[in-house]
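Welcome! Please open the structure below in your viewer and follow along, one selection at a time.

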Amino acid sequence: MTPPDEHSRTETATAPPPQCPAHAYGTGGMVRLYGPAAEADPMGLYEQLRERYGAVAPVLLHGDLPAWLVLGYRENLDVMRTPSRFSRDSRNWRDMREGKLTPEHPLAPISTWQPICAFADGQVHERWRGAINDSMGRFDRRGMRRHITRFAGQLVDRFCTTGTADLVDDFAEHLPMLVMTQLLGMPEEYGPRLVKAARDMIKGTETAVASNAYVQETLRKLVARKRADPGPDFTSWLLEHPAELTDDEVQQHLRLVLIAAYETTANLIANTLRMVLTDPRCRANLAGGHMTLPDAVEQILWDEPPFTTILGRWATQDTELGGHKIKSGDPLVLGLAAANLDTAIRPDPTAPVHGNRSHLAFSGGAHECPGQDIGRAIADTGIEALLTRLPDIRLAVPEDELSWVSALMSRHLVELPVEFTPQQPQPMPLPELPAPAPAAQDAGESAGPATDPAAPAPSSSTRRSWWASLTRWLRRG
């Protein structure tokens, strides 16, 4: 990779003011995309880079490895939709070929090539991704929403008598894994342990390797059990798919789906709850009936996507992007959060975006997230179940006391303390297992599940009751 040429907007040697979040330079005058200075205010950093370099900016990754951060909306789509120029296969990474990414490198776990669809292009990708698309298309959406409501109720039962809770640790970080274990065909008791293991893996703790081993062994046993005794679940559908995936291929893709769904959906739930509890615009729109919870989820996907960036494209040839010369083997970081705020497609970032799903929160092109509508369903159904049980829930600390922790790819709300009128637990009866819907015809790589999970499962009377309670609460606030 080469540094920006003389036609860049600002000379490389020009340093930002001390208070600027971009005050973290490495070799060649390029900005580091890691470390405390970069992680303190990632959105501020993206805007500084956009002003300095335009739609594409040269940056440094961990270990001062050079890369390109794609900030523009159209430029991100260009990268996502042209695998002939920008491959998902990390073996194209020049620094990796030269041995600069050792197994101990912080980026090795997310960039080392694996035999899964996330690292493949062309026919290999189509085979693996087709099996995932078709299997996800078989979910009974109403049955899935019943499971979400049930698990959300179980989580609320754990803290509803106390009158206080931390909605990150007590709710948002547990609900996605509980739902996914059900959809994958696991016993429910696996959920809590898998939540702990997934959180440990993602945080990269000293026990992350052991946690990964636990997840892999759990999934290996699941695949073996479903091979012998299939059921109406995602694991069985992958095993019986005409693509004839091996047991190892199924296991690795289950891990991919499980971890990706957990990370993104937990973040989405926490961010949406924070907006509902603190944003006057959201409160007014909900109270006035101008916004529904699915609308609120979509607003968060525009403003605070679960993944702020994705390290995941490598140039296959010398090319040009955003006025910069990209060399073969250069890595590109997709700036999803920055692209969603690109004034070229969103001139007024304060304007509501109800019903608009053209954001890049779930990436785009052939590698667009196949489970995005499942994530949406877990978020809006789970939050609705929470607010139905605790309609007077409110933030327990001043908003400016909330804190976040950032990393290369995401920004997490640390805690969301709330208080409410104590309630008695209301265990819900177990619903019947959902029967699989007919397999949907694959509508293409970027289409996601063919069946829209947004069809409302709760009765209209339940929704009216909840909206009435929420409206009274919002108007009191």
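**A walk through the model**

Start by selecting residues 56–61 and 65–70: these are strands β2 and β3, which run antiparallel and are joined by six bridges. Keep in mind as you look around that this is a predicted model. Within this pair, highlight Pro58 and you will find Trp68 of β3 standing opposite.

Now widen the view to the whole sheet. In what order do its six strands lie? Follow them as β1-β2-β3-β9-β6-β4, an open sheet with mixed pairing.

Next, select residues 247–278 to bring up helix α13, which has 32 residues. From first C-alpha to last, α13 reaches 46 Å, close to the 46 Å expected at 1.5 Å a residue.

To see what surrounds the largest cavity, select Leu33, Ala38, Glu39, Pro42, Leu45, Tyr46, Ala407 and Leu408. Colour this lining by class and you get seven nonpolar residues, one charged and no polar ones. Which helix gives the most to the lining? That is α2, with three residues. Show α1 (36–40) beside α2 (42–53) to finish, as each supplies at least two residues of this lining.

Methods
Residues numbered from 1 in each chain as written. Predicted model: local features only at pLDDT ≥ 70, side-chain atom pairs only at ≥ 80, totals over all residues. Heavy atoms only, no water. 1 Å grid on protein atoms, 1.4 Å probe; cavity = no way out; pocket = protein on both sides within 12 Å on 5 of 7 lines; lining within 4 Å. Helix = DSSP H or I, 4+ residues; strand = E, 2+ residues; numbered from the N terminus. Nonpolar A, V, L, I, M, F, W, Y, C, P; charged D, E, K, R; others polar. Expected span 1.5 Å × (residues − 1). Pairing = 2+ DSSP bridges.
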